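The structure comes first, then the notes.

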Amino acid sequence: MEKQPIVGRFAPSPSGRMHLGNLFCALVAWLSVRSEGGRMVLRIEDLDTARCPLPYAQQLERDLAWFGLDWDAGGEGGGSHAPYFQSHRTKLYEEAFSQLSRKARVYPCFCTRAELHAASAPHPSDGLSPYGGRCRKLTPEQVAALSEKRRPAWRIQVPNTWVELIDGHCGPYKARLDQDCGDFILRRSDGVYAYQLAVCVDDGAMGVTQVVRGRDLLPYTPQQIWLLQQLGYPVPQYFHIPLLTAPDGRRLSKRDGDLDVGSLQKRYGCPQPILGLLAHWCGLLDRPEPVSAQELIPLFSWEKLPQRDIPLPAEFVRT
């Protein structure tokens, strides 16, 4: 049987200008796919449209193109699985929500904790605190009374099942869903579908076979594997990569305005010196020197990439 080409994806949330950490992830994902002759998908994760206006997404596409990180489908260019903007894929999420409601217990939740983050990819600072199941125990009468005061979010009950995976970079990982993950939100109280549901539907529907992303998302992967299985989709190969951090270990964040691409463009004027720095930090070059994205393809190897987070030199971080 002929081997099917790898389908990778870069799935940014355009809530601001990309920073150096976002670019690092995009580069590694792109190199992994291109070094195997695979296809690259650009998906715009703009579930929270108030935080992710269209001009941000358009700027993101221009920035990726400036660095030579092209894609085969997605973004405003579309493709066979269009639309590639999550804000336009609500019907697919509705169908998946109905399918899950028939297979598992999906119940209303009136708790507010963490709900505001449910449409966004998690961050380490948000914590991974399993939900205690308070609203799972509500009686129909209690649900009716609470519904008069506010609209509920909707959670899915997870079983006491272990989910195991072999991460392509981090190695073996496992979690027990009920104890380590807990029931998680599928839809917020304002009707917006949650990140966990949307990312699984989109990876499955778009035929994604390889997911490269920051290691901070590894603890959330068992939930997504289980959800993909419930929806009948194949599980992609996951590669969770180290994060670029400030010298004090702090994670780079758009919320803090660290090293956005605009400032990098002003500082260096062209992409090659920036790509050379990233290539050096991830073990592809012995020393930082200007290089194009295409020139890095034959140099890429997962064995070269470090396991631990990569602290940046102090002069690179805004104070």
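Cys25 has a relative accessibility of 14%, so Cys25 counts as buried. The model is predicted, and the points below are grouped by topic.

**Cysteines**

- The count of disulfides is zero, since a disulfide here needs a pair of cysteine sulfur atoms within 2.5 Å.
- Cys25 takes part in no disulfide, and the nearest cysteine sulfur, which belongs to Cys282, is 12 Å away.
- Cys270 is likewise in no disulfide, with the sulfur of Cys282 as its nearest cysteine sulfur at 18 Å.
- Cys270 has 31% relative accessibility and therefore counts as partly exposed.

**Largest nonpolar core**

- In soluble globular proteins, nonpolar side chains tend to be buried together.
- The largest nonpolar core holds 49 residues, and the members that touch the most other members are Leu20, Phe24 and Leu69.
- At least two residues of this core come from each of several elements, including helix 1 (20-34), strand 2 (39-42), helix 2 (54-66) and strand 10 (237-241).
- Helix 8 (261-268), helix 9 (271-281) and helix 10 (293-296) are also among the elements that each supply at least two residues.
- Helix 1 gives the largest share of this core, 11 residues.
- Leaving aside residues up to four places away in sequence, Phe24 touches Ile241, Pro242, Leu244, Leu278, Cys282, Leu305 and Ile310.

**Second core**

- A separate, second core has 40 residues, among them Val192, Val199, Val211 and Leu227.

Technical notes:
Residues numbered from 1 in each chain as written. Predicted model: local features only at pLDDT ≥ 70, side-chain atom pairs only at ≥ 80, totals over all residues. Heavy atoms only, no water. Core = buried A, V, L, I, M, F, W, Y, C linked by side-chain atoms within 4.5 Å. Buried < 20%, exposed > 50% of the residue type's maximum accessible area, 1.4 Å probe, protein only. Helix = DSSP H or I, 4+ residues; strand = E, 2+ residues; numbered from the N terminus. Contact = heavy atoms within 4.5 Å.
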